Amino acid sequence: MVNPVLLIAIPLGLAFAIPLFALFWKGAAKYIPPVALVFNLVVSLSLLAKVLENPVIISIGGWQPPFCINLVAGTVGVLFSAIIALVGLLVSVYALDYIKEGATEKYHMLYLLLLTGATGVVLTGDIFNLFVFFEILCISSYALVAYLRDKAGIESAVKYLIQGAVGSSLLLIGIGLLYGLFGALNMADIAQNIKSVSPISVFVPMVLIVTGLGVEAAIFPLNAWLPDAHSSAPSSISAILSGIAIEVGLYAVARVIFTIFGTSSILLFLALLGILTLLIGEMCAFSQNNIKRMLAYSSVGQIGLILFALAIATSYGVTGGLFQLVSHTLSKALLFLAAGYMIYRAGSMEISALEGMGKKMPLTCLAFTIGAFSLVGLPPFMGFPSKFLIVRAALATKETLFVVLISLALLGTVIEGAYFFRVVQVLYFQPVRYEKSSKGIKGEKPNPGSKDAPITALIPMFIFVVLIIVVGIYPKLVTDVLNSAASELLSRTEYIKAVLDSIL
Amino acid sequence: MRRTVAILLLIIVAVGISLSLAKIPFGTPKTKVGRHYIDEGIKETGAVNIVTSVVVNYRGFDTLGEVTVLFIAAMGLGAVLRAHAEGETRKTQPASLVLYTGCRLLFPLILVFGTYIFIHGHLTPGGGFQGGAIIASGFLLIYLGCRERRINQAASNLVESLGGLVFVIIGLLGLVSGSYFLSNFLPKGTANMLLSAGVIPIIYIAIGFKVGSELAGIIDNLIEES
Amino acid sequence: MSFLGNYIYYIGAFGLILIGLYIILVKHNLIKVIIGLGILDTGVNLFLISVGYITKGTAPIFSSPGIDSEYMVDPVPQALVLTAIVISVAVLALALSLAIRLYQHYGTLNLRKIREQRW
């Protein structure tokens, strides 16, 4: 069995070593992230079978659990790291040809470190370690949003940075309060002692920590940074931010609430907030003309739906939430990758500039359409079983409030369908726009010579499409893993027992 | 309007935190983890400075993450502020002879002081980050005092990468030889000697060089851009 | 007064946090907001250290072999603050570099005027 620490240590070491490789071979920097991510993917998949029954607890440094930092490689952690590695690998292959200007060596280093931070967040079992890896994730995303150095990018990055930094400070205050109350930083240790203090003094750290993590997880009203940041970043980074960063933030919120604080009254509030986020995101996306901004608001909406599903807190609900999370990651990454080359070809981010692209870039637009249908939740694609599971979970709770909320969620799905179909109509059913030489936007100049996206971009998109269709037709392939992941997330006592009783 | 909303928000935050702080009395020992580290620290790690043994050995993973964060900030700064190749350096007034000579005299003393602090991290208060910051302040003195000298960007990048790589490699060596990542696999020696505490001095030396060159690189990028 | 003497560190850290939050929420100049971020981080670090203080405590360093370890302060918050200070330095450095670029693009640092990305 491979030690799960290598999932974090090897990409970290390779990221530090990129300048050394670049000394000997100039173009080496862009091939190192795919190598590291292939390693991560292989290790995660080989660990997945082993952790389905019991989580693997690794201590760093060899001390016993409350006195050391430990990694908890359970089903949900290894599943997430496999997804991070898969999506990261495909987007890094896409970026081989997409990132050509700027300090490309630094782009690849920051990219690999972002994914390492995300993997660290999902694998750790210690709350201050969660904070440190969360900061790695956030700070590399601030730097990557500003990578193109244009007006929109820098402005979005500044606003994202200030909101994110305030969130991190609130998170740190919450961690400090928890340490003062319980004397330990290990999640299992705090969870064991949580009942020994009065609920009011635990309420404040919980609110602070959820707010701090919620800035990155883009829960309303903390998501003012998201539309700007996701639309001004280069498209490969938008795919990673929408597909991995906000999901990992949401995982951190779920882990803290379910494992440390136990299911509590905040869950109802989060369910309401989730539906509110969903409706606001979908309605804002409907009124957009800029395609990347529309996709960014759609991410906001989907995060609201996943938050609602997780807040139902039954086994069905959490399974549905995790399934929707995986489906959103794959579909949204595909949408951003396809949109990247469509914008490159058209020279502008307006939806009206994409008229008739269906004939000029047939494969790319087909990929975009499949991603859009999967996100909306149409039958042969992956979005359908995931949304169906969430609806069934909400109805199974038999409370009128949840039934009302799920019908609002279906209303949001209808709005989502409306704006995605509008884009598909523009792509396929409008006459081809006569190709004038437009001004183009910085970094995305029109390229009338090429026919379709290059092969390094088509292969990742094709693999996404295949995954979406295959899992959509046979959801049984992943539901066992997701069920096990959901039960691991929900069961506090088994988590505490596994960590504190482990013989090292 | 905005002011009143802000003040209301702050009052809510203030009330919330003080309600929680009332349960954490100031100045009483609260933790079992801290007690364990103080009691068993020298026996288990060999370092006399318990804070160092916590930072590098018990919670070494956090230090690895912190080193990475600083690396990311330096990279991000370099990517955003890539110095123009157009040669638009600002005209600065040349420094007077007293300033120039004084800075050149002070610079090696500051470097030695910083190196002393990070080498003795396990014996006295201090360590890699503190020593690295002092070294960077020496470079800042050179930038402000002798105004045309610049450090070699390529060399500074190389030292940064090597420092981080050494830390990760020590962790992996710990995995190979002791079957735990970042375990202390070198002999612990006698307490209070310079060569003691296993891998802790080596890690701190790597961190000291890394942080020093990183902060100097950040200063170089900021000065050259504006 | 002795009551205040015990809690002065908490009140001080608390005050810095509130001042930092107020500056970030209300001020328009980007440099002032970044300074507010710095004050907020300083307040949080001060709060973290004061959680670990023990009255009549000394530094947890066994500088000579027979030292009494009964009244040593908690070393863990000091380690946490080491990490937190470095992280806040990294964020502030990145923020300042973005402010330099923003000034080059817009010619102003007034956040009310830097609103190109509307709705």
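Let me start with A:A9, which sits in helix α1 of chain A. Helices here are DSSP runs of H or I with at least four residues, strands are runs of E with at least two, and both are numbered from the N terminus. This is a predicted model, where local features need pLDDT of at least 70, side-chain atom pairs count only at pLDDT 80 or more, and totals for chains, interfaces and linings use all residues. Residues are numbered from 1 along each chain as its sequence is written, and chains are lettered from A and ligands numbered from 1 in the order in which they are written.

Is A:A9 buried or exposed? A:A9 counts as buried, because it has 22 C-beta neighbours inside 10 Å. The cut-offs are 20 or more other C-beta atoms within 10 Å for buried, 12 or fewer for exposed, and partly exposed in between, with C-beta atoms placed from the backbone. Leaving out residues up to four places away in sequence, A:A9 touches B:V168, B:G171, B:L172 and B:F181. Contact means that the C-beta atoms of two residues, placed from the backbone, lie within 7 Å. A:A184 is 175 residues from A:A9 in sequence, and the C-alpha to C-alpha distance is 25 Å.

Now the interface of chains A and B. In it, 47 residues of chain A are in contact with 43 residues of chain B. Elements of chain A that give two or more residues to this side include α1 (6-24), β1 (56-60) and α6 (151-182). Which element gives the most? That is α5(A), with 10 residues. By class, this side of chain A has 33 nonpolar, 11 polar and three charged residues. Nonpolar covers Ala, Val, Leu, Ile, Met, Phe, Trp, Tyr, Cys and Pro; charged covers Asp, Glu, Lys and Arg; the others, Gly among them, are polar.

Helix α8 (residues 199-217) of chain A packs with helix α1 (residues 2-21) of chain B at an angle of about 130°, and their axes are 9 Å apart. Therefore α8(A) is oblique to α1(B). Axes are lines fitted to C-alpha atoms, for helices over the stretch in contact, and angles run from 0 to 180 degrees between N-to-C directions. Under 35 degrees is roughly parallel, over 145 roughly antiparallel, 65 to 115 roughly perpendicular, and the rest oblique. From α8(A), the contact uses A:I200, A:S201, A:V204 and A:P205, and from α1(B) it uses B:G16, B:I17, B:L19 and B:S20. These contact residues are five nonpolar, three polar and no charged.

The second pair is α4(A) with helix α4 (residues 60-80) of chain B, at an angle of about 150° and with axes 10 Å apart. Here A:K106, A:M109, A:L110 and A:L113 meet B:T68, B:I72, B:M75, B:G76, B:G78 and B:A79.

Chain B has eight helices and zero strands. Its radius of gyration is 22 Å, well over the 17 Å that the globule rule gives for 226 residues, so chain B is more spread out than a compact globule. That radius is taken over C-alpha atoms, and the rule is 2.2 Å times the number of residues to the power 0.38. Of the 226 residues of chain B, 47% count as buried.
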